[in-house]
Amino acid sequence: MKFSEAWLREWVNPDVTTEALADQLSMAGLEVDSVEPAAPPFSGIVVGEVLNREQHPNADKLSVCSVDIGAEEPSQIVCGAKNVAAGMKVPVATVGAVLPGDFKIKKAKLRGVQSLGMICSASELGLAESSDGILSLPVDAPVGNDFRDYMGLDDFCIDVDLTPDRADCLSVGGIAREVGVLNRATLCPPEIEPVGPTIDDRFEVTLEAPGACPRYLCRIMRGIDPKATTPDWMVEKLRRSGLRAISPVVDVTNYVLLELGQPMHGFDLAKLDSGIRVRMAESGETLKLLDGSEAKLRDDTLVIADRGKALAMAGIMGSEDSGVTEQTLDILLESAFFAPLAIAGKARSYGLHTDSSHRFERGVDFTLQARAMERATALLLAIVGGEPGPVHEVVSEDDLPTHEPIMLRRERIARVLGVDIGDETVGDVLERLGMQASTVSDGWAVKVPSNRFDIAIEVDLIEEIGRIYGYAKIPASLSSAPVSVSLRPEAAFDLAAAKALLVHRGYQEAITYSFVAPEIAKVLTPDAPPIRLANPISADMSDMRASIWPGLVQTLKHNLARQQARVRVFESGLTFVRTGDDIEQHPKLAGLICGDADAEQWGAAARPVDFFDLKADLESVLHQVARPAEFLFEAAEHAALHPGQAARVLRNGEAIGWIGLLHPAAQKALDLPKGVFVFEVDLVPLGLGSVPAFSPLSKFPAIRRDFALLVDRALPYQAVLDCIRDAAPELVKDVRLFDVYLGDNIDSSLKSLALSLILQDSSHTLTDADVERVSGEVLTALADRLGAKLRD
């Protein structure tokens with residue numbers, strides 16, 4: 001909710017600074033996101049009047065104007081705007097003025113004609129992003145007055161980030177109520193008197209879905225001026241609230257929305273047929289919306305319709321076919337209450353989000369509609385004229401919200417807040433919040449105002465009392481409750497330690513959404529049935545992730561777009577898999593690397609990362625859990641990974657994850673560079689490991705024996721390693737692969753593996769006979785099981 005501080009102070013004006021006001025709102029639970037000036041700094045701008053305009057003698061697109069700026073003589077100013085005309089009141093930058101961007105105005109000659117200033121547009125003053133011409137001021141603007149003072153631009157725009165439960169503060173009036181309560185200041189809302197009808201025209205209304213719309217008001221206004229323009233004071237208030245002016249009818253409804261919190265809509269009466277029907281949409285019914293898009297409606301969507309067609313998605317957006325245009329003479333004003341549950345999620349399901357839907361789905365005061373109608377009518381009469389008819393209200397009393405009194409116990413307040421608050425203070429707070437409180441034996445019976453949808457039970461009232469009383473006044477105290485410490489098993493997997501290890505190895509932790517684009521999910525997890533969200537935040541966040549890879553890939557793309565070519569990221573989180581009618585959650589740890597293996601340096605030649613870089617990082621994490629021998633990387637195929645560089649990760653024969661290079665097709669589909677490696681492991685199988693145990697160091701020396709073996713080129717090294725350990729598990733303490741040769745002097749179907757066996761016994765020094773025996777057993781086992789032979 002963005003609003004002008006000056007507008008707020010028209011309602012309530014406490015003696016506090018802007019900074020103090022923002023702090024008060026934040027401490028009361030209405031978090032202030034930003035406080036920004038209403039206009040950028042500029043000086044030397046005055047209100048001027050164009051006395052006459054003549055064509056520039058040397059330029060077709062320039063004119064020479066004589067402008068009264070309140071000085072002894074008019075100033076001659078050369079202007080290039082097409083809309084400048086004699087009699088206009090305009091902002092004028094005099095000689096010596098400073099415009100936004102530190103642009104200084106000096107005397108100048110333009111095509112041989114002297115210019116003593118500059119007639120300004122709204123964009124040149126920082127009041128708009130773009131402008132079609134100079135800014136035209138009202139005819140009563142005082143010539144010579146400082147433009148900044150005249151427009152009240154020494155103001156601040158305050159942006160409040162409201163939680164969904166505080167819909168009552170989605171208006172200047174709602175914020176003013178809060179400020180008045182916090183400062184014990186008097187509220188001065190604008191006087192809203194009923195506008196009497198001057199014609200008897202009515203429009204019939206039928207509530208066919210009273211549960212979704214229990215109250216609907218409308219009013220006909222005939223003979224409005226289609227050429228009227230929105231007054232500057234309203235345009236400026238809308239601008240400072242983040243809205244641009246469009247047309248008088250639209251601007252008035254937006255103004256009332258911001259001022260009172262009641263969304264309204266104006267229909268072109270000539271485009272309506274017979275009467276209004278508030279009904280549910282028919283399945284497949286279409287509606288061309290005001291933003292130009294076409295919505296195919298579902299039968300769970302509430303619409304405003306006439307006798308022949310849908311006119312608007314109720315509480316969300318009107319249709320282009322029934323909207324007010326520059327030719328509209330007669331309008332039908334709408335002011336309605338829509339039940340929050342009838343609107344909640346509907347806008348997002350159609351890919352929309354509007355100021356109206358934002359308010360209706362959170363809850364609008366169900367007694368506000370008539371007041372808003374009278375306010376909008378009075379403003380329209382002052383701006384566009386016309387003849388109003390009577391207000392036609394249709395209401396289903398049984399379907400309106402009800403607020404039963406809530407019992408507030410005195411002892412419960414002290415127990416929840418931890419501080420005793422006097423009865424007088426509690427009563428005062430409740431009264432200032434607009435609640436009706438009657439005293440009972442053990443506290444109060446409180447009736448909640450119609451604008452507070454967030455108060456339903458006793459603790460809600462206690463929260464309000466604590467909020468207004470001031471959390472800072474509540475003393476801090478240590479809990480007297482017993483504290484128990486749960487001990488984590490020593491052998492349990494420590495995710496925090498795993499994260500720290502990855503950070504030490506050069507990774508950055510990423511935190512991404514659990515929602516992903518269906519296009520990315522289809523590429524990276526094609527075998528996982530999609531889990532679609534009913535009300536996604538956006539179209540590219542509509543699927544629950546079956547893998548963490550989509551989020552890491554998006555993180556990679558974000559970094560690559562900012563010239564960060566070396567990327568190492570990891571993330572831990574939940575993934576979601578559909579099994580029958582249920583959705584299972586699986587905690588996982590995933591990582592991604594791309595770019596050079598090492599940061600740029602002089603001591604080592606640059607090389608791209610490879611499969612084994614990522615494998616080493618993952619092994620370092622897995623080895624925190626249990627002995628390396630428990631884990632195995634088995635060549636396998638995955639739809640998203642390169643068939644020649646992909647492996648399934650196993651623990652004691654159970655599959656726990658995947659590692660590999662992204663498939664070329666996936667890399668192309670996602671517009672990624674070559675050489676993107678990823679891993680992902682399930683954390684549940686890693687839950688419990690083994691505790692390292694000490695083994696006494698042998699007092700006897702180790703002996704090394706090197707062999708060059710010829711084996712089948714397709715044979716994995718893991719098979720060789722397992723065979724050696726099985727053949728001599730007691731004496732073979734380590735096996736080291738120090739060379740792999742593929743080339744001349746060996747058969748093309750073979751490869752040469754150069755191995756070192758580290759042999760050691762804990763009871764005696766190994767003799768040559770021992771070494772020869774063990775070496776022979778190893779070589780025999782390799783020959784018998786794998787067909788290996790010593791290389792000549």
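Predicted model: local features only at pLDDT ≥ 70, side-chain atom pairs only at ≥ 80, totals over all residues.
Local features need pLDDT of at least 70, side-chain atom pairs count only at pLDDT 80 or more, and totals for chains, interfaces and linings use all residues. Residues are numbered from 1 along each chain as its sequence is written, and side-chain values use heavy atoms, with hydrogens and water left out.

Helices (H or I, at least four residues) and strands (E, at least two) are DSSP runs, numbered from the N terminus. Helix α20 covers residues 768–786. Its 19 residues should span 27 Å at 1.5 Å a residue, and the end C-alpha atoms are 26 Å apart, which agrees. The expected span is 1.5 Å times one less than the number of residues. Buried residues in α20 are D770, V771, V774, S775, V778, A781 and L782. They cover an arc of only 125° around the axis, which puts them on the same side of α20. The arc is that of the directions from the helix axis to the C-beta atoms. An α-helix has 3.6 residues a turn, so residues three or four places apart point the same way. Exposed residues on the other side of α20 are D768, A769, E772 and D784. Buried means under 20% relative accessible area, exposed over 50%, and partly exposed in between (1.4 Å probe, protein chains only). The buried residues of α20 pack against β36 (703–712), α19 (717–727), β37 (732–741) and β38 (750–759).

Helix α13 (residues 458–469) has 12 residues. From first C-alpha to last it reaches 17 Å, close to the 16 Å expected at 1.5 Å a residue. Of the 12 residues, 9 are buried, so α13 is largely enclosed by the rest of the structure. The buried set is E458, D460, L461, I462, E464, I465, G466, R467 and I468. Their cover includes α4, β24 (406–409), α11 (410–417), α12 (423–432) and β26 (443–447). Just after α13, G470 has a positive phi of about 110°.

Two helix pairs were examined. The axes of α12 and α13 come within 10 Å and cross at roughly 100°. That makes α12 roughly perpendicular to α13. Axes are lines fitted to C-alpha atoms, for helices over the stretch in contact, and angles run from 0 to 180 degrees between N-to-C directions. Angles under 35 degrees count as roughly parallel, over 145 as roughly antiparallel, 65 to 115 as roughly perpendicular and the rest as oblique.

For the second pair, the axes of α2 (residues 18–27) and α4 (residues 172–183) come within 11 Å and cross at roughly 95°. α2 and α4 are therefore roughly perpendicular to each other. L21, Q24 and L25 of α2 meet I175, V179, L182 and N183 of α4 in this contact (heavy atoms within 4.5 Å).

Two single residues complete the account. I105 sits in the loop between β7 (103–104) and β8 (108–110). At 6% relative accessibility, I105 counts as buried. Its C-alpha atom is separated by 9.2 Å from that of G44, 61 residues apart along the chain. Leaving aside neighbours within four places in sequence, I105 contacts A93, T94, V95, G96, A97, L99, G117 and M118. S356 lies in helix α9 (residues 355–360). S356 is buried, with a relative accessible area of 17%. Not counting residues up to four places away in sequence, S356 touches L257, P263, G315 and I316.
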